[in-house]
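Please read this briefing beside the sequence and the structure shown below. The points are grouped by topic.

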Amino acid sequence: MIPASFDYVAPTTVEEALAALAQYGDEAKIIAGGQSLLPVLRMRLNAPEWVIDLGRIDSLKGVRDEGDSILVGAMTRHCDVATDPLVAEHAALVARATATVADEQVRHRGTFGGALAHADPAGDLGAPALALDAEFVIAGPAGERVVPGAEFFQGLFETAVSEDELLIGVRIPKHTGWTAHYEKFVRVAHQWPICAVGATLKVSGGVIEGAAIGLTNMGSTPLRAAGVEQALVGQHATEEVVRSAAALAADGADPPSDLNGDADYRRHLVTVLTRRAITKALGG
Ligand SMILES: Cc1cc2nc3c(=O)[nH]c(=O)nc-3n(C[C@H](O)[C@H](O)[C@H](O)COP(=O)(O)OP(=O)(O)OC[C@H]3O[C@@H](n4cnc5c(N)ncnc54)[C@H](O)[C@@H]3O)c2cc1C
């Protein structure tokens, strides 16, 4: 279907974008890479009168070193995040997960901020961001505010970003030297996962000193597998330790049931994927 007609504005600064949002209110919709929004418009599930394109705001593109953290601009495309040297060095889990998003075509249009603002529970970037304690930088009429991951994701396709605000970047504390793996289980190639697990670990002398585990599509928001993390930290990285920690992965999760699998199937699947993700992050 062809989208309902709309007017289009392409600001070149965050201030101009916020002014457009203030002017057009709930008649406006932000477009980033358009990879999730355009299908929605084409199906006429949404018919904004104004579309505000962030594509010309250069300050929102790229990855910056901020000392103890890196800042990924909201308009950084998936293909650029997946190959960025700062992301590879300090947030390897994000690089791994982003490389699994969709196909090359989508990764060349879709953006880091667009995917996170969309907050699809099956989206691959929320769980890694949550696991790495990312902070979300949001700009609005009252200035900038910073929201932790646990408060950013509020429900199915719902985030802390209000209608008059923009997600402008995501600050990720450096996890330098941490190994990482994103284990994604799909029925169809180049698509959202039935369930996925991101694992990133700091290991020294065979002992796990740090563990961060994020779960995708195990609830209406990305989840952190705190029980698994606690069972790993301080332990020798043995097969038995990994297996018994992974068995805790579904604790506290509330997975959906759909045509790809019911909740019990996902509860079992997530323990298998967690074991694989940790084992592969350990180099196995
Ligand atoms: C065929 C296909 C396969 C895909 N497979 C996967 C997959 O395997 N894994 C995965 O994670 N994703 C997948 N996606 C989704 C893809 O990652 C999209 O890029 C992403 O969900 C949306 O990013 P975008 O930049 O295109 O945002 P858009 O589609 O432009 O916007 C998405 C939503 O976020 C809002 N928004 C965008 N940017 C901002 C901002 N800065 N501040 C506030 N609100 C904003 C928009 O208003 C809109 O509501 C797939 C998409 C397609 C088409």
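Tyr-24 counts as buried because its relative accessibility is 16%, where buried means under 20% relative accessible area, exposed over 50% and partly exposed in between, with a 1.4 Å probe and protein chains only. This is a predicted model, in which local features need pLDDT of at least 70 and side-chain atom pairs count only at pLDDT 80 or more, while totals for chains, interfaces and linings use all residues. Residues are numbered from 1 along each chain as its sequence is written, and side-chain values use heavy atoms, with hydrogens and water left out.

**Aromatic pairs**

- The whole structure holds four aromatic pairs; rings of Phe, Tyr and Trp (its six-membered ring) pair if their centres lie within 6.5 Å, and planes under 30 degrees apart count as stacked, over 60 as edge-to-face and the rest as tilted.
- Tyr-24 and Trp-50 are stacked, at 3.9 Å centre to centre and with 10 degrees between the planes, and they link distant parts of the chain, Tyr-24 in helix α1 and Trp-50 in strand β3 (residues 50-53), 26 residues apart.
- Phe-136 and Phe-152 are both buried, and together with Phe-153 they form one aromatic cluster.

**Sheet**

- Five strands form an open antiparallel sheet in the order β4-β5-β10-β6-β7, where strands are DSSP runs (E, at least two residues) and helices are runs of H or I of at least four, numbered from the N terminus, and two strands pair if DSSP finds at least two bridges between them.
- The edge strands, β4 (63-65) and β7 (143-148), each pair on one side only.
- Between β4 and β5 (residues 69-73) there are three bridges, and Val-63 stands opposite Val-72 in β5.
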